[in-house]
Amino acid sequence: MSTVLVTGGAGYFGTILVDRALARGDTVRVLDLNAPEPRAQAVEAVVADVRDRDAVQEACRGVDVVLHNVAQVPLAKDRHLFESVNVLGTANVLLAARDAGVAKVVHTSSSAIFGVPDVNPVTEDTPGKPLEAYGRAKLEAESLCREAAASGLDVTIVRPRTILGHGRLGIMAILFEFVAEGAPVFVLGGGGNTYQFVHADDLADACLLAADRPGSTTYNIGASEFGTMRELLQALVEHAGTGSTVRSLPAAPAKAGMRALSVVGQAPFAPYHWLMYAESLWFDTTKARTELGWESKHSNASALIESYDWFLEHRGEPATGGSHHQSPVRLGMLRLLKRLG
């Protein structure tokens with residue numbers, strides 16, 4: 001058992017990580033702008049901003065492990081927040097962990113650092129070449145982690161693919177809304193790009209296993225069973241049985257349209273979405289499986305279907321939590337696409 005600090009512990013993935021840490025007997029403290037949800041087991045809450053160095057220093061006192069998950073995600077679409085939260089916030093956590101004598105830091109990064117890879121699968125040694133501000137900030141945060149590790153702090157980087165699972169909304173709420181109403185859903189081009197996701201529970205397992213393993217390193221985490229974007233959406237519409245179908249849009253005009261709607265505030269797309277939706281990206285997870293004994297329990301399709309079923313069960317309820325991933329986004333002009341059915 002350890003005393004664990006979960007930064008971002010009131011957010012979508014942070015909440016799941018807190019529950020998994022409690023279930024294995026850890027004492028848990030949360031640092032977040034929002035108070036964590038009530039639980040049967042006590043969780044200490046530090047309601048503060050990760051950019052507040054003094055608050056982060058205080059949160060790290062007496063902690064064995066820091067699971068660092070605070071991040072502004074692509075939907076924020078604010079490069080200044082990406083820099084101040086994802087980079088400077090990470091610097092605060094690393095410095096505080098060092099000063100407090102924390103034994104282990106696990107930093108949750110992002111596959112966005114790779115942009116569109118030249119070759120798949122992507123390994124831990126594939127060079128990062130992000131295409132947009134969010135990915136650049138996450139890559140810079142990784143550089144800070146490596147600098148801290150070189151100075152003696154035990155830091156492991158965990159890079160997930162796009163996260164799915166119960167409670168995951170955000171940009172996925174657009175897809176789920178279309179499917180629930182029997183409207184068509186779209187791939188760009190033929191939808192033959194291979195795309196990998198990861199279930200939040202599988203990612204939480206990887207983070208906790210990484211926390212238990214001494215030595216600074218990096219792990220790529222994604223589902224073991226995955227396929228093309230068209231195959232994934234086809235599995236979802238068949239499960240839903242609402243009459244929704246998978247259709248193709250010409251890739252170049254669709255990307256331009258996604259970008260234009262975002263610029264005028266009529267759709268929630270961030271640059272990462274229009275840059276990557278038609279591209280292939282998947283991880284080789286051999287290192288995590290061999291060194292951590294980690295295995296994914298969920299496929300792409302099962303994770304997406306679980307997310308959709310949760311959406312149906314909670315549809316119309318007020319959003320909980322303060323993160324982008326916990327709140328459905330507004331459709332804006334995308335409502336017109338529903339009429340194509």
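In what order do the seven strands of the open sheet stand? The order is S3-S2-S1-S4-S5-S6-S11, and the pairing is parallel. Strands (E, at least two residues) and helices (H or I, at least four) are DSSP runs numbered from the N terminus, and two strands pair if DSSP finds at least two bridges between them. The model is predicted: local features need pLDDT of at least 70, side-chain atom pairs count only at pLDDT 80 or more, and totals for chains, interfaces and linings use all residues. Residues are numbered from 1 along each chain as its sequence is written, and side-chain values use heavy atoms, with hydrogens and water left out.

Strand S3 (44–47) and strand S11 (217–221) form the edges; each has a single partner strand, so one side of each lacks a neighbour in the sheet. From one strand to the next, the twist averages 15°. Within the sheet, strand S1 (residues 3–7) pairs with strand S4 (residues 65–68) in the parallel sense over four bridges, and Val 4 stands opposite Val 65 in S4.

Helix H4 (residues 133–150) packs on this sheet and touches strand S5 (104–108), strand S6 (155–160) and S11; contact means heavy atoms within 4.5 Å. The direction of H4 makes about 155° with that of S6. Axes are lines fitted to C-alpha atoms, for helices over the stretch in contact, and angles run from 0 to 180 degrees between N-to-C directions.

Helix H5 (residues 172–180) packs against helix H11 (residues 300–314) at about 70°, their axes 10 Å apart. H5 is therefore roughly perpendicular to H11, a term for angles of 65 to 115 degrees. Among the residues that meet are Phe 176 and Glu 177 in H5, and Tyr 308 and Phe 311 in H11.

Definitions and conventions:
Parallel < 35°, antiparallel > 145°, perpendicular 65-115°, else oblique.
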